[in-house]
Amino acid sequence: MSKIQEDEIEELAQFLRLQLSQRSVVVTSKSSSYQESIARWSSAAEKRAAIVVIPDDHREVAIVIVFAQTRGIEIAIRGGGHATSGSSSTDGGICIDLSRLRKVIVDPDTKTVTAQGGALWADVDKAAEEHGLAVVGGTVNTTSVGGLTLSGSYKYLVRQYGLVINNLLEVELVLADGKTVTASRHKTSQPFWAIRGAGASFGAILSFNFQAYAMRTPVWGGALVIGISELPKVVAFANDLFLESDPKSAMIWGFKVIAPDTFGIVAVVFYEGMEQMGQALFAPLLNLQLLVNSTCSRSYSSMNTLFNNDLQAGYRRSMKGSEFLTPLDYTFARKCLAEFQDFIKRPPDASMSVMVFEVFPFKKIISVSKQTQHLQIVEYMGIYCVAEYFNYDCTNFTTALVKVLLLIYPGIGVGGKQVFGNNFTRLLDLKKRYDPTNVFSKGPQLLSQTSSE
Ligand SMILES: Cc1cc2nc3c(=O)[nH]c(=O)nc-3n(C[C@H](O)[C@H](O)[C@H](O)COP(=O)(O)OP(=O)(O)OC[C@H]3O[C@@H](n4cnc5c(N)ncnc54)[C@H](O)[C@@H]3O)c2cc1C
């Protein structure tokens, strides 16, 4: 797949405009909205697309795919634009921006929710909540359903209901040849198996149909800021919570600069139940000397807004993660803190960065049959770092950090073929069948690996 030549851009854009409805928008660098149309959550992920198409009607996505595919032009699909890898951007190709396709329909009888391919989790949370329901989704409601679902994905409700993909019932998608098909777990359809974890490599998803669950409201939760001297107690509590049998709880915690030259521990705690029960479960944390405590009874949807302010779009960012087997070792946590403190000292403008540990027990997730999805899951906890900066390349830091973690916990956090494991060969066969020319080249790289590698 190639770039569009500079002198062909306007002609091809005009050709596209003629094929699409007037409500759809076709943007090139000559358009006043160009900069806005290539902006991403991390400005480091921005690339100069030759043409950005913003379809107003989901049926027009197929027109653009056929248009690009027949001319060998690279395609990128943009959902919420949060991928720091730049996988929703293209340098010189066509970007299909799904941001106008955000409709959400709730069926309260079957407790299912259907979201269009460009819907954000905020759209889903709001629509589901109106019916007393919730879908397993993301913790930052500005991320899109598409990008988050297609990579597996988890957050507060996973301990009860599994990954987002475990709750995906059906998708409508445009394949590489431009055909629009429905793939569903009820039809034992093969692309559906592949989509649940490698979706961005198989098509443009026009709609996602999810299982939803009755959500008791209010839930309890919020953010705590704790002095760094309490780290041993926070680590001990996180380890206990991981083993704790109450599936309604979740916790994310990590390191952050809380005042000039002062590092603190920030913890977001969640309990799907009454305030008193949440407070009892999290008492070991609540009894520490807290610098901030915003926990209260609140709606489930508001839990997914807690990070929004701190994680607004527009900064240069790198986000990388790894996993470690439980229990979390205190010495290891201290080492991570030391690495993080060392990084923050270097670039003058990286003080908004965070290093995060997740406490989402995986029992429910690993109970899912390997036959129904291709992701391989083991019981681990996740660690990741969102490094933020203005003028400094912090990708080096996040990459180095992941290597540090791998040295300490060898054999985990590996990617590519190792992630797909025994399912890789089947996944590769499906890729060859549905997208042999790699029209959808921005997801996990499958065709570049062989099953013997
Ligand atoms: C602030 C923040 C919070 C996050 N929170 C969570 C979380 O709580 N849980 C979690 O699991 N992950 C989380 N993530 C990771 C997140 O899941 C990924 O960054 C995800 O890719 C974001 O999706 P997006 O659509 O917003 O991004 P985009 O950059 O638009 O898309 C990401 C990838 O998905 C593809 N894609 C998007 N929509 C479609 C579609 N409809 N059809 C085909 N391909 C599509 C794009 O082409 C691209 O390859 C978070 C990331 C950030 C930056």
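## A tour from a helix pair to the ligand

Start by selecting residues 190–198 and 424–434: these are helices α7 and α16, packed at an angle of about 110° with their axes 10 Å apart. (Helices, H or I of at least four residues, and strands, E of at least two, are DSSP runs numbered from the N terminus; axes are lines fitted to C-alpha atoms, for helices over the stretch in contact, and angles run from 0 to 180 degrees between N-to-C directions.) That angle makes α7 roughly perpendicular to α16, a label for 65 to 115 degrees.

Before going on, note that this is a predicted model: local features need pLDDT of at least 70, side-chain atom pairs count only at pLDDT 80 or more, and totals for chains, interfaces and linings use all residues. Residues are numbered from 1 along each chain as its sequence is written.

Now show the side chains where the two helices meet. On α7, pick Q190, P191, A194 and A198; on α16, pick L427, L430 and Y434. (Contact is C-beta atoms, placed from the backbone, within 7 Å.) This contact has six nonpolar residues, one polar and no charged ones. (Ala, Val, Leu, Ile, Met, Phe, Trp, Tyr, Cys and Pro count as nonpolar, Asp, Glu, Lys and Arg as charged, and the others, Gly among them, as polar.)

Next, click on the ligand. Its shell has 33 residues, of which G79, G80, A83, G146 and G147 come nearest. (A residue is near if its C-beta atom, placed from the backbone, lies within 6 Å.) Colour β3 (75–78), α5 (145–150) and β10 (204–211), the elements that give two or more residues to this shell. The largest share, four residues, comes from α5. By class, the shell has 14 nonpolar, 16 polar and three charged residues.

Where does the ligand lie relative to domain 1 and domain 2? Colour 6–97 and 104–215 to see: both domains give residues to the shell, so the ligand lies between them. (The bounds come from an automatic or database domain assignment.)

Two backbone stops remain. Select T217 and P218, which are joined by a cis peptide bond with omega of about 5°. P218 is in the loop between β11 (213–214) and β12 (219–227). Then go to K111, in the loop between β5 (104–107) and β6 (112–116). Phi of K111 is near 55°, a positive value in a residue other than glycine.

Note on methods. Parallel < 35°, antiparallel > 145°, perpendicular 65-115°, else oblique.
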